[in-house]
Amino acid sequence: MVRTTSFVQKLGDSVKKVSESKSSSWWYNHHMRAASRAIFERIPLVDLVLEVRDARIPLSSEYEQLRNFPSSSRNIIVLNKMDLANRSKTKEWMAYFKDQNYIPYAINSHNKDNIKEFLNFLQAKVRDIKRSKHFNNSETTTVMIIGIPNVGKSAFANSLHQIGRISAAEKGKLKHATVTPQPGETKNITSLKIASHPNIYILDTPGILPPEILDAERSSKLALTGAIADFLVDQSDLAQYFLSILNLSDEYKNWEKFSIIDNIENQIMNDHTQDFVVQAVRGALFQDISAFKGNLEEEKDMVQLIEAQFTTLIKAFNVSLDSFTDVNGVIASKLINLYRTGRLGHYTLDTIPRTCKC
Ligand SMILES: Nc1nc2c(ncn2[C@@H]2O[C@H](COP(=O)(O)OP(=O)(O)OP(=O)(O)O)[C@@H](O)[C@H]2O)c(=O)[nH]1
Ligand SMILES: [Mg+2]
């Protein structure tokens with residue numbers, strides 16, 4: 001397999017350099033170390049732990065520190081951002097985790113129905129725990145959300161808080177954990193009430209990465225999905241890595257209808273929703289890949305196609321060559337933004353280990 005190797009290595013090397021650099025103020029800094037310790041101390045004290053992972057990278061987004069605790073029925077693996085992952089692969093990953101005796105749950109934190117179903121599931125689980133421990137129902141249950149940065153812990157906590165309060169017909173002001181597309185946003189542990197009778201509180205926590213990530217492939221996937229701050233990696237490297245994945249997938253085959261759009265520039269000017277830009281980008285990528293005669297298993301051919309795509313995308317994104325010195329950087333950021341919001345297909349980047357009997 002080439003395929004994505006040199007792109008992976010390049011990205012992985014730069015992430016490794018940053019993680020090794022003691023001067024990096026972002027990576028495993030004083031605040032991350034303190035938060036990691038605080039979370040570690042609380043794990044044995046809470047009733048349930050929800051380990052949020054990114055459904056696009058169910059293994060690479062593991063919260064490694066949790067390995068120090070025996071896996072138990074108190075731990076649930078939440079595969080969040082399922083709307084961005086490949087749907088059938090998510091089903092396979094669910095089967096994999098069940099096969100490994102974990103309790104997995106796939107979710108889109110922005111989907112109210114998903115959150116309602118999850119709340120019902122969680123309340124049933126809490127009742128089971130209370131029955132087995134002979135607790136009475138008035139006792140408060142604490143559930144802690146943990147995970148690496150940017151997997152959607154705060155978005156998930158907010159949605160549970162909102163829907164939980166509405167279902168319980170509770171009045172009063174809603175709290176709000178900060179949600180942003182940048183990793184490393186949450187700095188403190190915050191408690192949000194998500195259910196009454198019995199009372200359930202959820203603890204949102206800061207995202208924690210391992211002190212060092214040595215595996216280039218894992219680093220690249222973390223960077224592409226947004227768990228590592230963008231300013232630490234070259235955006236063009238990220239975009240090249242993404243294009244190498246797209247070019248070997250079947251996703252672009254759905255975009256043929258966008259490749260016959262004429263007069264792109266005029267239409268972009270008149271379209272205020274940006275939908276047209278997305279269609280123009282899909283159409284351009286479809287044309288480039290389907291017209292390419294090389295062998296994408298060969299690295300030099302893949303590089304050649306990606307270079308051609310960067311040129312085509314200048315027009316599709318309507319980027320003016322006069323306005324920017326780093327045109328490739330601009331194209332790269334725009335492309336990554338579309339990928340991360342699911343508008344350039346749904347990819348699950350991790351593959352299931354062979355040991356699985358599922
Ligand atoms: N498409 C999609 N986006 C999501 C989902 N959940 C969260 N997001 C987005 O992912 C980004 C990160 O969400 P946060 O909730 O801030 O992530 P976090 O894990 O709390 O991040 P840190 O506090 O930095 O560790 C935001 O742009 C969210 O809107 C989801 O299920 N689907
Ligand atoms: Mg957060």
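Two residues are in contact here if their C-beta atoms, placed from the backbone, lie within 7 Å. Helices (H or I, at least four residues) and strands (E, at least two) are DSSP runs, numbered from the N terminus. The model is predicted: local features need pLDDT of at least 70, side-chain atom pairs count only at pLDDT 80 or more, and totals for chains, interfaces and linings use all residues. Residues are numbered from 1 along each chain as its sequence is written, while chains are lettered from A and ligands numbered from 1 in the order in which they are written.

**Stop 1: α7 and α11**

Select residues 235-247, helix α7, and residues 327-340, helix α11. Two packed helices are described by the angle between their axes and the distance between the axes. Here the angle is about 50° and the axes are 8 Å apart. (Axes are lines fitted to C-alpha atoms, for helices over the stretch in contact; angles run from 0 to 180 degrees between N-to-C directions.) α7 and α11 are therefore oblique to each other. Angles under 35 degrees count as roughly parallel, over 145 as roughly antiparallel, 65 to 115 as roughly perpendicular and the rest as oblique.

Show the side chains next. From α7, Q235, S236, L238, A239 and F242 meet N328, G329, A332, S333, L335, I336 and Y339 of α11. By class, this contact has seven nonpolar, five polar and no charged residues. (Ala, Val, Leu, Ile, Met, Phe, Trp, Tyr, Cys and Pro count as nonpolar, Asp, Glu, Lys and Arg as charged, and the others, Gly among them, as polar.) α7 passes α11 in a left-handed crossing. A crossing is left-handed if the near helix is turned anticlockwise from the far one by less than a right angle, and right-handed if clockwise.

**Stop 2: α9 and α10**

Move to α9 (275-291) and α10 (299-316). Their angle is about 150°, with axes 9 Å apart. The pair is therefore roughly antiparallel. This crossing is right-handed. Pick A280, V281, A284, L285 and D288 in α9; they meet L305, A308, Q309, T312, L313 and A316 in α10. The contact holds eight nonpolar, two polar and one charged residues.

**Stop 3: α1 and α6**

Select α1 (5-20) with α6 (216-225). The axes are 8 Å apart, at an angle of about 85°. α1 and α6 are therefore roughly perpendicular to each other. V8, Q9, L11, G12, D13, V15 and K16 in α1 meet A216, E217, S219, S220 and A223 in α6. Count five nonpolar, four polar and three charged residues in this contact.

**Stop 4: the loop between β5 and β6**

Go to P198, in the loop between β5 (190-195) and β6 (200-204). A cis peptide bond joins H197 to P198, with omega about 0°. H197 is in the loop between β5 and β6 too. Its phi is near 50°, a positive value in a residue other than glycine. Most residues other than glycine have a negative phi, and most peptide bonds are trans.

**Stop 5: ligand 1**

Select ligand 1 and the 25 residues that surround it. (A residue is near a molecule if its C-beta atom, placed from the backbone, lies within 6 Å of it.) The closest are G152, S154, A155, T186 and G207. Which helix gives the most to this shell? Helix α5 (153-167) does, with three residues. The shell divides into eight nonpolar, 13 polar and four charged residues.

**Stop 6: the two domains**

Zoom out. Color domain 1 (29-204) and domain 2 (216-340); these bounds come from an automatic or database domain assignment. Their C-alpha centres lie 34 Å apart. The contact takes 13 residues from domain 1 and eight from domain 2. On the domain 1 side, six are nonpolar, five polar and two charged.
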